[in-house]
Amino acid sequence: MHANLSEYDGEHRMSTVDLFSAALRIGNAIQEMCKTMVNHRKEELCSILGLYALQNIALVSSESKHQNILSTCGSVVLQYSKFLMFCGFTYLGLLTGNDVTSATTKLSKEEDDNFLDCFSSAMDGASLVVVWTSMHDDMSKYAGAEFESALKEVQDNCIRKWEAINMFRYVLSSVNYSWAIKSHSLDLLLTLVDDKCSEETNDHVDFPYSTQIFATLKAIERVMIAAPDTLMRKKAFSALKRVISAVPSTQRFDILQALIENSMFPSLTAILLDLVKNEVSRESRRADQVNGSDRSQDAGGSPPWASQVLELVELILRPPEGGPPCLRDHSEEVLSALNLLRLILIIDSRGSRSAKMLRDEKIRAVYSEWLIPLRLIITGIQSELEKGGGEDENQMLCLLNPVQFVLHRCIELVEEKMKG
């Protein structure tokens, strides 16, 4: 299937449809064999048929990028979905991926180690069944109330909700599927993530999903960067914020730090730093409320996120490769880093928090190694740009003005702190 589909360019509609039909006939033959089997052998063959259906759903969905067979894709996916229901797969198991895991576990003892490689896109297929059910009328009618019931059950159970959230990474990270499918995936993701999940997750000390969450967020980032229209990029950004806010506070800064350290785009880095700034502001308000309600609590300690956040600011203002940042290419992320530093300085100067996040040695390093070199760079660039006076130079000056404004405010706050 994969080898033949890769040869078609989208114009060979009938050839593609014929291929889908032939694969369905093979599925029907396997289904008839399942009916004659009993006990363990029947379970194994049903698992094979289920994984076969999911693999083909992934292949069919990859053809949905061709508009001339888009309507056909939905009806073919519906036929494969009927195989899944025959094999005991449920919408709840497809949403969470647990049915795929169960099927592969039953077959993992096969002597041929390469056997399961035939179903390498089964997880994609499970997520795609859910997406097609939400976007295709015939699929929705076939699923009926079972799909809505599965969605509600996932929404009401935080652990299952995270399993479902992380399933979307397979579709969102792949280049094989159309933007329409990815858009509906984001719609479902936004439906699943809400404030209730954030509250429930924070009550769970053991939260074993960090690696999967990172992969899911990177997949969402890819949509933010590559989506062809503004509305979809905004939708992806909303999904990114919601998923991050639902991560337990004990791991949220770890996730954000990992995303920033692995970011390849200055504008994306700036967005992530702004999210860190929002988290710092929220955590600070929460700490103030706790300290205000419990006067006996020691408020003098540095907050747990302080060192991580300062490392992120240093990563931008004093890059590991040496020297101050290149403002011509990285002005957005420098501005975001300075805004974050300004917020830290303001929080650090309040009441009992004074001198807790930024000790004397650190504040001197911030002043002499981060801020003053940056001021010298900005002054030099401005002098060069003012001499040019062209349109490009004026545009660069406009980008530097907010950076210079926040930088001067940071320097003032640091100097006040050093005097104190």
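**Exercise 1.** Which residues in α14 meet which residues in α16?

*Solution.* The structure is a predicted model, in which local features need pLDDT of at least 70, side-chain atom pairs count only at pLDDT 80 or more, and totals for chains, interfaces and linings use all residues. Residues are numbered from 1 along each chain as its sequence is written, and side-chain values use heavy atoms, without hydrogens and water.

Step 1. Find the helices: α14 covers residues 210-226 and α16 residues 249-261. Helices are DSSP runs (H or I, at least four residues), numbered from the N terminus.

Step 2. List the contacts (heavy atoms within 4.5 Å). From α14, S210, I213, F214, L217, K218 and E221 meet Q251, I255, A258 and L259 of α16.

Step 3. Sort this contact by class: six residues are nonpolar, two polar and two charged. Here Ala, Val, Leu, Ile, Met, Phe, Trp, Tyr, Cys and Pro count as nonpolar, Asp, Glu, Lys and Arg as charged, and the others, Gly among them, as polar.

**Exercise 2.** Describe how α14 and α16 cross.

*Solution.* Step 1. The two axes come within 11 Å and cross at roughly 45°. Axes are lines fitted to C-alpha atoms, for helices over the stretch in contact, and angles run from 0 to 180 degrees between N-to-C directions.

Step 2. α14 is therefore oblique to α16; angles under 35 degrees count as roughly parallel, over 145 as roughly antiparallel, 65 to 115 as roughly perpendicular and the rest as oblique.

Step 3. The crossing of α14 and α16 is right-handed, meaning that the near helix is turned clockwise from the far one by less than a right angle (anticlockwise for left-handed).

**Exercise 3.** Describe how α20 packs with α19 and with α21.

*Solution.* Step 1. Helix α19 (residues 327-348) and helix α20 (residues 360-388) have axes that come within 13 Å and cross at roughly 140°. This makes α19 oblique to α20, and their crossing is left-handed.

Step 2. Residues of α19 in this contact include L327, R328 and V334, while those of α20 include I363, W370 and E384. By class, the contact has 14 nonpolar, no polar and two charged residues.

Step 3. α20 and helix α21 (residues 391-419) pack at about 155°, with axes 9 Å apart. α20 and α21 are therefore roughly antiparallel to each other, and α20 passes α21 in a left-handed crossing.

Step 4. The contact of α20 with α21 divides into 18 nonpolar, five polar and six charged residues.

Notes
Helix = DSSP H or I, 4+ residues; strand = E, 2+ residues; numbered from the N terminus.
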